[in-house]
Amino acid sequence: HNQRNWLRKKLINLGFYMLQKSVFVFPYPCEDELVYICSNLNISDYVDILIADSVGFKEQEIKKFFQLKS
């Protein structure tokens, strides 16, 4: 529980967009960094990294958050 909360705060501090309480979005490659963080916390078995072309209905909101062109 504490590690999950720490990871959530860390991702927000790193600039990730919280799509849902347990789903975060970042528009640039960051897999290596996430693997490193999760490995150090011993939570790698509980974290999945997905690479997607679209985030669905909130895409415009997320692009605005990251100041990306539409």
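I counted the secondary structure first: the protein chain has three helices and two strands (DSSP runs numbered from the N terminus, helices being H or I of at least four residues and strands E of at least two). I noted that this is a predicted model, where local features need pLDDT of at least 70 and side-chain atom pairs count only at pLDDT 80 or more, while totals for chains, interfaces and linings use all residues. Residues are numbered from 1 along each chain as its sequence is written, and side-chain values use heavy atoms, with hydrogens and water left out.

I read the order along the sequence as α-β-β-α-α. The C-alpha trace spans about 35 × 20 × 20 Å along its principal axes.

Next I looked up how helix 1 meets helix 2. Their axes (lines fitted to C-alpha atoms over the stretch in contact, with angles from 0 to 180 degrees between N-to-C directions) come within 11 Å and cross at roughly 155°. The two helices are therefore roughly antiparallel (angles over 145 degrees count as such). I found the contact (heavy atoms within 4.5 Å) to be made by Trp6, Leu7, Lys10 and Leu11 of helix 1 with Leu34, Ile37 and Cys38 of helix 2.

I recorded 37 lining residues, with Val23, Phe24, Val25, Asp48 and Leu50 nearest the centre. Helix 1 gives the most to this lining, with five residues.

Methods
On a 1 Å grid over the protein atoms alone, a cavity is a set of points where a 1.4 Å probe fits but cannot get out, and a pocket is an open set with protein on both sides within 12 Å along at least five of seven lines; lining residues have an atom within 4 Å of a point. Angles under 35 degrees count as roughly parallel, over 145 as roughly antiparallel, 65 to 115 as roughly perpendicular and the rest as oblique.
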